[in-house]
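Hi,

Here is the structure I promised to pass on. Have a look at it first, then read my notes below.

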Amino acid sequence: MTVYLVGAGPGDPGLITARGLDLVRSCEVLLHDRLVADELVAEAPRAALVISREGLGQAAVTELLVEHGRAGADVVRLKGGDSFVFGRGGEEALALEAAGITVEVVPGVSSVAAVPAAAGIPVTHRGISDRVTIATCHGADGNEAEYARLAAAGGTLILFMGLGRVEHVVRGLLAAGMAPATPAAAISRGTLPDQEVVRTTLDHLAAASAGLAGPTLLVIGDVAALELSVAGLETATVGSELQHAAWSC
């Protein structure tokens, strides 16, 4: 009995790893997040039990993983991005280990760098940024983010889960001393065909990102002013094309 914590990548189904795709194609139970591409879910065997996390709290998800793991099934827990980057994979792994269930972690392509890259924004760039700070728009305890530390970190700031709190975040960073003219970008549905990118400055970020669809990643720092010409990512289809895309990512 093994539960595999598999990262599905940032959105485009072709960006899952070859190992992750192999496990999806051979699993007996697939428990997937809402944002995982339908094309990847469809790769599960016809006989597999497929469960969407939609409407399930974390406790219910963990209970299902333990239940099916104890029953001896090969279970794939498919998460967007990487399981260990704001994916609660660590919590699930600890619960499974406590239940005596073998856990294998299959890293995924994280949105941290992949989504900005798809928008033509390198998160580091010689002479501009030599460090990256990643955070959510809430603190680790669920309260306010530590704006003073984020504003003083320098380099590039990547913020997850911030679309509904952009105005609040901007106020916090400005109050902590970050310059209003700091370049900023909001990237909606990164790597997908309907990706949208807005580039602006910190003081105008809230207004510029109004109306964007989630999930949206915020990039704040001088690299956000760079606009490199990169080839657009195409959404791969199922079957051999998907396998080819996985091997070539």
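Predicted model: local features only at pLDDT ≥ 70, side-chain atom pairs only at ≥ 80, totals over all residues.

Residues are numbered from 1 along each chain as its sequence is written, and side-chain values use heavy atoms, with hydrogens and water left out.

Let's start with Gln 58. Not counting residues up to four places away in sequence, Gln 58 touches Arg 53, Arg 88, Glu 91 and Glu 92. You'll find Gln 58 in helix α3, residues 58-70 (helices are DSSP runs of H or I with at least four residues, strands are runs of E with at least two, and both are numbered from the N terminus). Is Gln 58 buried or exposed? Gln 58 is buried, because its relative accessible area is 11% (buried means under 20%, exposed over 50%, and partly exposed in between, with a 1.4 Å probe and protein chains only). The side chains of Gln 58 and Arg 53 also make a polar contact of 3.3 Å. That term means a pair of N or O atoms within 3.5 Å; within protein, one must be able to donate a hydrogen and the other to accept it, and residues adjacent in sequence count only if both atoms are side-chain atoms.

Two of the residues that touch Gln 58, Arg 88 and Glu 91, are joined by a salt bridge of 3.0 Å, N to O (a side-chain nitrogen of Lys or Arg within 4 Å of a carboxyl oxygen of Asp or Glu). Glu 91 is partly exposed at 43% relative accessibility, and Arg 88 is partly exposed too, at 41%. Elsewhere, salt bridges with shared partners link Asp 33, Arg 77, Lys 79 and Glu 92 into one network.

How many salt bridges are there by this rule? The count comes to eleven. In one of them, between Asp 33 and Arg 77, the closest N and O atoms are 2.8 Å apart. Asp 33 sits in the loop between β2 (29-32) and α2 (38-41) and Arg 77 in strand β4, so the pair ties together parts that are 44 residues apart in sequence. Asp 33 counts as buried at 17%, and Arg 77 is buried at 0%.

Next, helix α5 (residues 111-118). Why is α5 largely enclosed by the rest of the structure? Because six of its eight residues are buried, among them Val 112 and Pro 116. The cover over the buried residues of α5 includes β6 (132-136), β7 (156-160), β8 (183-188) and β10 (216-220). At the start of α5, a side-chain oxygen of Ser 110 comes within 3.1 Å of the backbone nitrogen of Val 112.

Last stop: Asp 203, in the loop between β9 (196-201) and α8 (205-209). Asp 203 is partly exposed, at 36% relative accessibility. Its side chain makes polar contacts with the side chains of Thr 201, at 2.6 Å, and His 204, at 3.4 Å. Leaving aside neighbours within four places in sequence, Asp 203 is in contact with Val 170 and Pro 180.

As for the whole chain, there are nine helices and ten strands, and 49% of the 249 residues count as buried.

Cheers

Methods:
Contact = heavy atoms within 4.5 Å.
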